[in-house]
Amino acid sequence: MKKTLLFLLLAVASGPAAFAQAAPGGSQSSKDYTGGAIAESGNTGFGIKGGYNFNTLRGDDVSGIERESRNDFHAGVYGQFGFNDFSSLQAELLYSRQGFEANTGFAAGGTATTARQRYRMDYLQLPIMYVGNFTENLSFHVGPQVSLLTNIRRDENTLDIDANGFNSLDYGAVGGLEARVGPARLGARYNLSLGKIFEDGNSQTNTINPAFSDSKIYNSLVQVYVGIGFTQ
C-alpha cells in the first residue's frame, strides 16, 4: 500500500512538467493563463500554491483530551485539465505540516505527565478534485484525498511512526472555494479525515497513550492558500 501511494504521489509530481511541454497559443483570460494549447477549455494548466493550516482533533473520543489547534503551513504543486469552461479535474501534491497540542497523559519514555505537549505531523497529501466554475472568477473544488504520514515530532523529539502507534496512511475528502484573477488564486478548503490517527490494537506499543489504540480520533484541517499559474 505504501509503495503504491508513493508511486501515485510521484506521478502527480511529474504532471506539471508534462503540461509545460505544450506549445502556447490562443487568447488569455482569468480562465486561460496557459494559452489554451492543451485542451479547448481554458481551465487547463499547472502552477504552485501554498498557505496556512488550521488543524485540530475531532472524533468520539476527543472529549477527555485538553487540546488546542496547531497552525502551520502547506505548499506544493497542482495540475489541472479542463473538459470545458465549466468542468475540470485538478490533482495536487502537497507537503502539509499539521498536528495538535494536547495533554495526552504520557511524556517521553512512557512516563505519566499532566503537561500539554506539541505534536507535529508531516504529511504528503494527494487530493484529486472535480472543479466547477460558478463564474469566470469563482469555482468550487470537491474530491477524495489520500495522505502519507512521513514524520512526527513530540515537542523537539522525533518519534517512530509505527512504534508509537500512528497510522501512516490517512484518507478522506476535501471541499472548498477558490477565487481566481488572471494567474493568481486565493482559496480555502476543509479536509475531512476518515482515517484514524492511531492504529487499532496497538496498546502495547503506543507510547503516546495506550488508551488511544482503539480510539476514534481524526485530524480536522482547514487550509487557506494562494497560488500562481504559469503561462506556457
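Is Glu178 buried or exposed? Glu178 is buried, with a relative accessible area of 3%. Here buried means under 20% relative accessible area, exposed over 50%, and partly exposed in between, computed with a 1.4 Å probe and protein chains only.

## Basis of the model

The structure is a predicted model, in which local features need pLDDT of at least 70 and side-chain atom pairs count only at pLDDT 80 or more, while totals for chains, interfaces and linings use all residues. Residues are numbered from 1 along each chain as its sequence is written, and side-chain values use heavy atoms, with hydrogens and water left out.

## Overall architecture

The secondary structure of the chain consists of two helices and nine strands. Helices (H or I, at least four residues) and strands (E, at least two) are DSSP runs, numbered from the N terminus. In sequence order, the pattern is α-α-β-β-β-β-β-β-β-β-β. The chain has 232 residues, of which 46% count as buried.

Most residues other than glycine have a negative phi. Asp155, however, has a phi near 55 degrees, a positive value in a residue other than glycine. With 37% relative accessibility, Asp155 is partly exposed.

## Salt bridges

Side chains of opposite charge can pair when their charged atoms come close. A salt bridge is defined as a side-chain nitrogen of Lys or Arg within 4 Å of a carboxyl oxygen of Asp or Glu. The count by this rule is six salt bridges. One of them joins Glu178 to Arg185 at 3.0 Å, N to O. Arg185, like Glu178, is buried: the relative accessibility is 4% for Arg185 and 3% for Glu178. Arg120 and Asp122 form another salt bridge, their closest N and O atoms lying 2.8 Å apart. Arg120 is buried at 14% relative accessibility, and Asp122 is buried at 3%.

The side chains of Lys216 and Asp60 also meet in a salt bridge, at 4.0 Å from N to O. Lys216 is in the loop between E8 and E9 and Asp60 is in the loop between E1 and strand E2 (67-82), so this pair ties together parts that are 156 residues apart in sequence. Lys216 is partly exposed at 38% relative accessibility, whereas Asp60 is exposed at 59%.

Rolling a probe the size of a water molecule over the atoms shows where empty space is left. On a 1 Å grid over the protein atoms alone, a cavity is a set of points where a 1.4 Å probe fits but cannot get out, and lining residues have an atom within 4 Å of a point. Grid points are joined across faces, edges and corners, and a volume is the space filled by probe spheres set on the points. A search of the whole structure finds one cavity of 30 Å³ or more. The largest cavity has a volume of about 110 Å³.

Its lining comprises 15 residues, with Gln145, Ser147, Asp170, Asn191 and Ser193 nearest the centre. At least two lining residues come from each of strands E4 (117-133), E5 (138-154), E7 (169-181), E8 (184-193) and E9 (218-229). E7 supplies the largest share, five residues. By class, the lining has six nonpolar, eight polar and one charged residues. Ala, Val, Leu, Ile, Met, Phe, Trp, Tyr, Cys and Pro count as nonpolar, Asp, Glu, Lys and Arg as charged, and the others, Gly among them, as polar. Ser147 lies in strand E5 and is buried, with a relative accessible area of 4%. The C-alpha atoms of Ser147 and Asp170 are 5.0 Å apart, although these residues are separated by 23 residues along the chain.

## The nonpolar surface patch

A nonpolar surface patch of about 650 Å² is made by Tyr52, Phe54, Tyr171, Tyr190, Leu192, Leu194, Val222 and Val224. Patches are made of residues with over 30% relative accessible area and no salt bridge, like charges being joined within 9 Å and nonpolar side chains (Val, Leu, Ile, Met, Phe, Trp, Tyr) within 5 Å. Accessible areas come from the Shrake-Rupley method with a 1.4 Å probe, and for residues only the protein chains shown count as cover.

Strand E1 (45-58), E8 and E9 each supply at least two residues of the patch. Leu194 is located in the loop between E8 and E9 and is partly exposed, at 44% relative accessible area. Val224 belongs to strand E9 and is partly exposed at 33%. Val224 and Asn53 are 171 residues apart in sequence, yet their C-alpha atoms are 6.8 Å apart in space.

Notes
1 Å grid on protein atoms, 1.4 Å probe; cavity = no way out; pocket = protein on both sides within 12 Å on 5 of 7 lines; lining within 4 Å.
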